[in-house]
Amino acid sequence: AISASKQDGTFLLLDNPADELREDVSALKGGEKNRATGLEQQTTKALVSDATFQSDYGNLSVVNGGEPVEFKVSGDSNIAFELDGLVRNGRQLLLNSVKWTPTEGDVTEVCDTALRLRGVLESPSDYVTVPECALAELQGLTEVVAVLSGFYFADGVKQKAKSRGVRCVHTDGKGFAVEALESKQSA
C-alpha cells in the first residue's frame, strides 16, 4: 500500500479519524456513561473551597476524592445512576451535576437525581457503590442539596434552577463561583 501510494502520488492515511467516534459509540453501547474531561472534578473541588458554600454549609469535604460515583441496586449489576461529584458536611450531601452549558432539562434531571439519592440515604443497604468505599462516606447524611455546574447558564436556566432550589456554579474568570442565595444577598 505504501509503494502504491508513492507511485500514484496519493497519501496513505494510517490514523483513521473515525476511530475516536467508533470508541465513543462502543463506550456508549457498553454502558459507559461518564466520559469525564476533568470539569466534574474541578467544579466538585471548587464547591469545597468556595466562600459562599462555606458560609452556607460550613466545613465541606469531597466524597470519593471528587471522582464520580456509580450507584447500583443491591444484587443488580446494572448501574442505577451515576453522579458527577459529591460533597458533604455533617448532615448534608451536595450533589454536583456537571454540564458544559446547562439547560432547563438539566435542572429537572438534577432534581430527579437528588430525589433518587435521598432514597439511597434513607435505605443505604439497598444500594452498592463503585467504588465500594463511597457508600460508607454517605453514612449519617440526611439531606441532599442539588447543584448544577457549567460554563454558561442562560437566564431561563438560572430562573428555573432558582425556582427548584438548585444551586448554580459557573465560571467567573478566576475559577468557579457559586450563585449566592437570594436570602443571603438581602440579609
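## Stop 1: R88

Select R88, which sits in strand β4, residues 85–88. This is a predicted model. Is R88 buried or exposed? R88 has a relative accessibility of 18%, so it counts as buried, since the cut-off for buried is under 20%.

Now show the surroundings of R88. Leaving out residues up to four places away in sequence, R88 touches N59, L60, S61, V63, L93, E137, L138, Q139 and L141. Pick L138 from that list. R88 and L138 are 50 residues apart along the chain, yet their C-alpha atoms are separated by 7.9 Å.

## Stop 2: the whole chain

Zoom out. The protein chain has eight helices and nine strands. Of its 187 residues, 37% are buried. Now take the contacts with a separation of 6 or more: 61% of them join residues 24 or more positions apart.

Colour the chain by pLDDT. The mean is 84, and 77% of the residues reach 70 or more. Which element has the highest mean pLDDT, and which the lowest? Helix α5 has the highest, at 97, while helix α8 (residues 182–186) has the lowest, at 43.

Select residues 183–187. Here pLDDT is below 50, and the model gives this stretch three contacts beyond near neighbours in sequence. Then select residues 32–36. Their pLDDT also stays under 50, and the model has eight contacts for them beyond four places in sequence.

## Stop 3: helix α5

Select residues 104–122, which form helix α5.

Next, highlight D106, V107, V110, C111, T113, A114, L117, V120 and L121, which are buried residues of α5. Turn the view to look down the axis of α5. The buried residues fall within an arc of 165°, so they line one face of the helix.

Now look at the face turned away from the buried side. The exposed residues L115 and E122 are there.

## Stop 4: helix α3

Select residues 39–49, helix α3. Its residues L39, E40, T43, T44, A46 and L47 are buried. They cover an arc of only 155° around the axis, which puts them on the same side of α3.

## Stop 5: aromatic pairs

The structure holds three aromatic pairs. We visit two of them.

Select F53 and Y57. Their ring centres are 5.2 Å apart and their planes meet at 85°, so this pair is edge-to-face. Both residues lie in helix α4 (residues 51–57), four residues apart, or about one turn of the helix. F53 and Y57 are both buried.

Next select F71 and F81. This aromatic pair is stacked, with 4.9 Å from centre to centre and 10° between the planes. F71 is in strand β2 (residues 69–73) and F81 is in strand β3 (residues 81–83), 10 residues apart. F71 has a relative accessibility of 0%, so it counts as buried. F81 is buried too, with a relative accessible area of 5%.

## Stop 6

T129 is in strand β6, residues 127–130. It is buried, with a relative accessible area of 3%. Beyond residues up to four places away in sequence, T129 touches V69, E70, F71, A134 and L135.

Follow the side chain of T129. It reaches the backbone oxygen of P131 at 2.7 Å. P131 lies in the loop between β6 and α6. Now check the peptide bond from V130 to P131: it is cis, with omega near 5°. Most peptide bonds are trans.

## Stop 7: N64

For the last stop, select N64. It is found in the loop between β1 and β2. What is its phi near? Phi of N64 is near 60°, a positive value in a residue other than glycine. Most residues other than glycine have a negative phi. N64 has a relative accessibility of 15%, so it counts as buried.

Technical notes
Residues are numbered from 1 along each chain as its sequence is written. This is a predicted model: local features need pLDDT of at least 70, side-chain atom pairs count only at pLDDT 80 or more; totals for chains, interfaces and linings use all residues. Side-chain values use heavy atoms; hydrogens and water are left out. Helices (H or I, at least four residues) and strands (E, at least two) are DSSP runs, numbered from the N terminus. Buried means under 20% relative accessible area, exposed over 50%, partly exposed in between (1.4 Å probe, protein chains only). Contact means heavy atoms within 4.5 Å. The expected span of a helix is 1.5 Å times one less than its number of residues. The arc is that of the directions from the helix axis to the C-beta atoms. pLDDT is the predictor's confidence in each residue, from 0 to 100. Rings of Phe, Tyr and Trp (its six-membered ring) pair if their centres lie within 6.5 Å; planes under 30 degrees apart count as stacked, over 60 as edge-to-face and the rest as tilted. A polar contact is a pair of N or O atoms within 3.5 Å; within protein, one must be able to donate a hydrogen and the other to accept it, and residues adjacent in sequence count only if both atoms are side-chain atoms.
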